[in-house]
2 protein chains.
Amino acid sequence: MKIAVDAMGGDHAPKEIVLGVMKAVAQYKDIEILLFGDETKINEHLTDKTRVKIIHTDEKIESDDEPVRAVKRKKKASMVLAAQAVKDGEADACISAGNTGALMSTGLFVIGRIKGIDRPALAPTLPTVTGKGFVMLDLGANAEAKPEHLLQFGLMGSVYAEKVRKIERPRVALLNIGTEETKGNELTKKSFELMKNQDAYEFIGNIEARDLLMDVADVVVTDGFTGNMVLKSIEGTGAAFLSMLKMSLLNGFKNKVAASFLKKDLMELKAKMDYSEYGGACLFGVQAPVVKAHGSSNANGIFTTIRQVREMVEKQVVETIKSEVDKVKVGGTETND
Amino acid sequence: MKIAVDAMGGDHAPKEIVLGVMKAVAQYKDIEILLFGDETKINEHLTDKTRVKIIHTDEKIESDDEPVRAVKRKKKASMVLAAQAVKDGEADACISAGNTGALMSTGLFVIGRIKGIDRPALAPTLPTVTGKGFVMLDLGANAEAKPEHLLQFGLMGSVYAEKVRKIERPRVALLNIGTEETKGNELTKKSFELMKNQDAYEFIGNIEARDLLMDVADVVVTDGFTGNMVLKSIEGTGAAFLSMLKMSLLNGFKNKVAASFLKKDLMELKAKMDYSEYGGACLFGVQAPVVKAHGSSNANGIFTTIRQVREMVEKQVVETIKSEVDKVKVGGTETND
């Protein structure tokens, strides 16, 4: 199995990307990595070239580049070349920790959409208090969505949760403003109707945002706008809470002593809310696994993402989505080219 | 000034409602309270009848009643009668800790909408890490929204923040998936355009959900669906975090000792995230102040809400909205009846 990795994307590229790759090839003997980026810089950190091939390029997409334009103009960017290798059949999947919007555009324009899936969806796995986590999609690949898109998101999330997260008959829920069937806006009401009337996956109904972290579903479906809002609200609240907790813990000698007692547990608490352990965010709906590692990924984050992508290839996630997509076909769905 | 209070709404009605009223009339000599509900039960807790008048009714709206239907059928419900008193000029404002949807329907159908405001909006004040807080609207009065509604929400929030929260030239922001002007869905893009091109209030542009608690704006405008999602995400994350923190603190003898050291500060931390201190959620856009106290309000929560409503009446929040609404008039806005 060959995995294309963008060595130049993310806050700690290429060093942490290369170190993560080193760790992955040492661990998994069945993978081969194609590393795209600045050869000189990559070589500074590459200690072993076994099953690692460098494809040199000077060009890269910056984190603040306008996504669609960057992908069109920077045809030799490390991210674009990594996707091109997948398109050309030289690699089975690709990974980048760089510009999220650009990776979505690259996936869509270079690798291409699965026939029958109208819109790709970005899907991270988020933490729950139980440590089980859940897949949520779409987290921002599209600002507008139609009910049939959400119906398809449910299928893609369910296939992934079953194959990679090893959850039997995953519970797929629709994020809504209330749990009753009649609740919501036009989009959620119609989506509920479509999801209820399919049997490709296990639809358990509406869930509310306040229960997301309570392990009430394995897959949560929403439109990209709402998903983005909810994800950022969770992140922002977590960060605000941690910063206030930190201030409390440093407030006077007694608290500092107490904090030292609690240090290990508080680190664990923080780690529990850090969802990079679950791997990167998948771009579902394209013809091969494309995964966005966190921008702040260290070597371990990259290793985790490679492990995740390896599993996606091995368990044929994309092939399964392709073969099951007809089960959620709705009259009036856009034609796919 | 006369304030109509629904004595039967909320988890701790009528006891805590009555105790809150007692506290308010003792503190503010310029208010008179009309208390709607079961006279016998109210009298069990009423220690002083100075400036308090009970209007007896057997009927009440339950927390799980379907809002619109309940308001139409239960014409003698304590909540409906309280609103009717405002409509009839017998009271200046009304308060309930009961069914939120029913209170919104009551406000809209009984008291009526302000001419020029197309949709009412529900607006709580949420906490920030600095303790300053911000007003957010709409939090669920409408599941669908148009750009001109959001434009009007900005005005209503700004008037309230200035008059009641005493913030000079409040910073009004649009909640969006990115800070750049070009970001968002159709609704936020068009709303941005409208808000940018008015001068009735200070529009500072887009803000992201992750910064909400960081004191980046005084008024945050969004559609009711997104607002509801974001509020519940914040609440859910806060609750998940507190429950995990609690588990950590009870994890072994050493942690319990540390927890006892930190008790006071952790209670403060919890209190900081508890936004009932800022009062209830205002239903803006109706002809008089209508405020939803938290369902779990204790006497102090009711007292705080009465204080808030008193301020709204005194500072003429509704009158100011009425007189300024023409400043945000957009061609194509629905006609108001």
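Q: Where is Gln316(B) placed?
A: Gln316(B) sits in the loop between α10 (299–314) and α11 (317–324) of chain B. Helices here are DSSP runs of H or I with at least four residues, strands are runs of E with at least two, and both are numbered from the N terminus. The model is a predicted one, in which local features need pLDDT of at least 70 and side-chain atom pairs count only at pLDDT 80 or more, while totals for chains, interfaces and linings use all residues. Residues are numbered from 1 along each chain as its sequence is written, chains are lettered from A and ligands numbered from 1 in the order in which they are written, and side-chain values use heavy atoms, with hydrogens and water left out.

Q: What is the phi of Gln316(B)?
A: Phi of Gln316(B) is near 55 degrees, a positive value in a residue other than glycine. Most residues other than glycine have a negative phi.

Q: What about Asp215(A), buried or exposed?
A: Asp215(A) counts as buried, at 18% relative accessibility. Asp215(A) lies in the loop between β9 (202–207) and β10 (219–221) of chain A, and its phi, near 65 degrees, is positive.

Q: New topic: which peptide bond is cis in chain B?
A: The bond joining Ala13(B) and Pro14(B) is cis, with omega about -5 degrees. Pro14(B) belongs to the loop between β1 (2–6) and α1 (15–27) of chain B.

Q: Now the interface: how many residues of chain B are in contact with chain A?
A: There are 48 residues of chain B in contact with 47 residues of chain A, contact meaning heavy atoms within 4.5 Å.

Q: How many salt bridges does the rule find across the interface?
A: The rule finds four salt bridges between chain B and chain A, each being a side-chain nitrogen of Lys or Arg within 4 Å of a carboxyl oxygen of Asp or Glu. One of them joins Glu235(B) to Arg210(A), with the closest N and O atoms 3.1 Å apart.

Q: Which elements of chain B touch chain A?
A: Those giving two or more residues are α7 (186–196), α8 (224–249) and α9 (253–273) of chain B. The most comes from α8(B), with 21 residues.

Note on methods
Buried < 20%, exposed > 50% of the residue type's maximum accessible area, 1.4 Å probe, protein only.
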